[in-house]
Amino acid sequence: MSAEMANEIKLISGRSHPDLSDKIAKRLGIEVARTVSLNYSNQETSFTVGESVRDEDVFIVQSTATGDVNEGLMELLIMISACRTASARRITAVIPNFPYARQDKKDKSRAPISARLVANMLQTAGANHIVTVDLHASQIQGFFSVPVDNLYAEPSFLRYIRENYNAEDSVIVSPDAGGAKRATSIADHLNTAFALIHKERPRPNVVGRMVLVGNVQDKVAILVDDIADTCGTLVKAAAVLKENGAKTVIALVTHGVLSGNAIETLNASVLSALVVTNTVPLGDKVERCPKLRVIDISPTIAEAIRRTHNGESVSYLFTHAPV
Amino acid sequence: MVRNIVVLGGNSHPALVESVCNILALPACNRILTKFSSGESRCEIQDSVRGKDVYIIQTGFGGNGSRLNDHFMDLCIMISACTTGSARRVTAVLPLFPYSRQPDLPYKKSGAPLFKAGSESGKKDYTFESIPATPAPGVPPSAGLVSATDISSRLAKEALPNGNGSMSPVKQTNGHTNGHTNGEAYFGANGQSVASPVSGVIGSYTTHDYENVSHLGAFQAKPGYKQWVAQAGTLVANLLTCAGADHVITMDLHDPQVQGFFDVPVDNLYGRPLLKRYIQTNVPNYKDAVIISPDAGGAKRATAIADSMGMEFALIHKERRPTKITDRQNASMMLVGNVTDRVCILIDDLLDTGNTITRAAKLLKKEGATKIYALLTHGVFSGDAINRVKASAIDKLVVTNSVPQGEHKALLGSRLDVLDISPIFTEAIRRVHHGESISVLFNYD
């Protein structure tokens, strides 16, 4: 009896995205473990464990809320460390939007490679496995010496396009050269045309001049990217596409960080829709932005958790989205 | 002027950084340390650190526009940036070590946690003996120090019943407790009951806890499982080492054992010499005063001072044995020693919510102390500590500037004296850099 009881999935949720954790738990048919995190009045984070995790397969779901990244990250580290102290058999950190993913290279002197720091911190805290979605650069997996499962939102996007748009009538557009691979992959699967916008970026969070390579005349232009932060790039790209004769412009983005004035920028833009997944907690942004549509990514994550726990292959999820 | 040394400051304590740089006679390292709009820290170090001996000063204190965890992540990122920037050695200077003190939940014999319910945020009448908002699940954190204006406007409205009325707040608190003993009752009502005392008083940082009201309210350990609070001390030590810190300098660690969590050298400086000098110069007839430790844990710290100065010593002991409910407040603290008609000097390492020290002061007054000094190394003043201290029997509070004290000084005025620790840290940095012994800093005087 006890042998069968042991080593079940324990799903632990951080404070950043309880909605996603609940959806994953529902999908898996389990309950979120009884834990609670709070901040003391001196702002230190505290994590209380209310049930045994000894010898269990622990999955800690923690996204990082926009503007509260460090808070979420420290909470995650403390949760991981607590579970390790409590003799969990394996600890998997489920981080749908990997924090600091964009600070992944030393692009100038003495610039920190914060993504590597986060990777090292997660391992130091005691994570045995990482599950994430659409890493900004898949090379970040190389910063880890533990397995990293980088899930893709692509299958969910493909289904969304097939269900809502006419594939023959559309062009997949990458808003920058870096995302070309992601966009061509979607274009190949849908068998549609592809275009690319070339941009010059003088400083972070500032967008320079843009040039369209390809034809979007009288087509539905579908912009594909991984992170929508201030949305400056997307909105400028949408304007360029409109100028080049696109019928409508929509954008499919995995992580809707939507920081700063993103919502206002979007509302004022020529984009007719921005489709994001719920990897990042969106709060009231859906109400504030009528153009925002949300795809639920929890089935993919839940299935990855189930498969990881049972020792099955996860690669099926790279091409298929569970319904 | 010291060569090959770089002092890099975080955002948590710019005044200390400036002071250290002034004494060392070198400019602070140019850096950009802000946040991207997404909330991620942005750090760029603009001066070369190649082959240099880098000292990064960041204290464990949430303030100056960022939260504690932001400051800590900033520190790790700066360390990592210097390491990848080929610094010869990176030393993290943390005047106040974050997460060094994580309170345990007190437990009943049955295993259920002994919640101290009731937050001060909603209460109008403020007394120093009201039950503190001990952080625990199901208990909302106390009101934060939002800004000077908020506090002063609140204080202006608050009448402070004192002296004879001192027994009544106990009952009042009990009533408070009854109302909210059940976490569910407190949080269950869609956050409505929570929102009312919170709004306006509590600033940005506590909102965090109220976002998942249902999550908090439903919290109850599984039957048969004794819930516990994660201790983050080891983790913090490991994270600093993993970021690339080669050396750590800190002051008056709450638990000296934290030193053992590190695989790198840790220099734990003492604020004791500063406190002693203060006693010698500022307390009239200090030889006749009594040194008091407000709890048994700090006895060693206090006796060290009492012994070296040839002063008398007394101890306040927390009685944990259950007594009659009505007497609990008074019976929970016992004074060992005699303070009648004496000047008392309370010694402790850290003032957080200020509960221990203010309760100790009250007891001392009751036992006949004439004047009460409280000397602490770290004055965090979190939550409603400022109010509590203002309403307390402490005549003079002395802290060091291991965390920024500007705001606290403005609120407490002449009741608060701030000792400058920058000479100690500068000397430690200088000696570590030159490879000299710093043990002289541990017992000079």
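Colleague: Contact means heavy atoms within 4.5 Å, got it. Which residues does B:S66 touch, not counting residues up to four places away in sequence?

Modeller: B:S66 touches A:Q43 and B:H71. This is a predicted model, where local features need pLDDT of at least 70 and side-chain atom pairs count only at pLDDT 80 or more, while totals for chains, interfaces and linings use all residues. Residues are numbered from 1 along each chain as its sequence is written, chains are lettered from A and ligands numbered from 1 in written order, and side-chain values use heavy atoms, without hydrogens and water.

Colleague: Where is B:S66 in chain B? Buried or exposed?

Modeller: B:S66 lies in the loop between β4 (53-57) and α2 (68-84) of chain B. Helices (H or I, at least four residues) and strands (E, at least two) are DSSP runs, numbered from the N terminus. B:S66 is buried, at 17% relative accessible area. Buried is under 20%, exposed over 50%, partly exposed in between (1.4 Å probe, protein chains only).

Colleague: What pLDDT does chain B average?

Modeller: The mean is 76, and 69% of the residues score at least 70. pLDDT is the predictor's confidence in each residue, from 0 to 100. In chain B, β4(B) is highest at 97. Helix α7 (residues 204-211) of chain B is lowest, at a mean of 32.

Colleague: Which stretches of chain B stay under 50?

Modeller: One is residues 104-136, with 96 contacts beyond four places in sequence. Another is residues 138-217, with 129 contacts beyond near neighbours in sequence.

Colleague: And what ipTM does the complex get?

Modeller: The predictor gives an ipTM of 0.92, with a pTM of 0.84.

Colleague: New topic. Which strands make up the open sheet, and in what order?

Modeller: The order is β2(A)-β3(A)-β6(B), with antiparallel pairing. β2 (35-39) of chain A and β6 (228-229) of chain B are at the edges with a single partner strand each, so one side of each has no neighbour in the sheet. Strand β3 (residues 45-49) of chain A pairs with β6(B) over 2 bridges. Pairing takes at least two DSSP bridges. A:T48 has B:V229 as its bridge partner in β6(B).

Colleague: Which helix packs on that sheet?

Modeller: Helix α3 (residues 69-85) of chain A does, touching β2 and β3 of chain A and β6 of chain B. Its direction makes about 35 degrees with that of β3(A). Axes are lines fitted to C-alpha atoms, for helices over the stretch in contact, with angles from 0 to 180 degrees between N-to-C directions.

Colleague: Over to helix α6 of chain A. Which residues are buried there?

Modeller: In α6(A), residues 180-190, they are A:A180, A:A183, A:I186, A:A187 and A:L190. They cover an arc of only 135 degrees around the axis, so they sit on the same side of α6(A). The arc is that of the directions from the helix axis to the C-beta atoms. The face turned away from the buried side carries exposed A:K181 and A:D188.

Colleague: What do the buried residues of α6(A) pack against?

Modeller: α5 (154-164), β8 (170-174), β9 and β11 (220-228) of chain A. After α6(A) comes A:N191, with a positive phi near 60 degrees.

Colleague: What phi does B:S86 have, then?

Modeller: Near 65 degrees, positive in a residue other than glycine. B:S86 is in the loop between α2 and β5 (89-94) of chain B. B:S86 is partly exposed at 29% relative accessibility.
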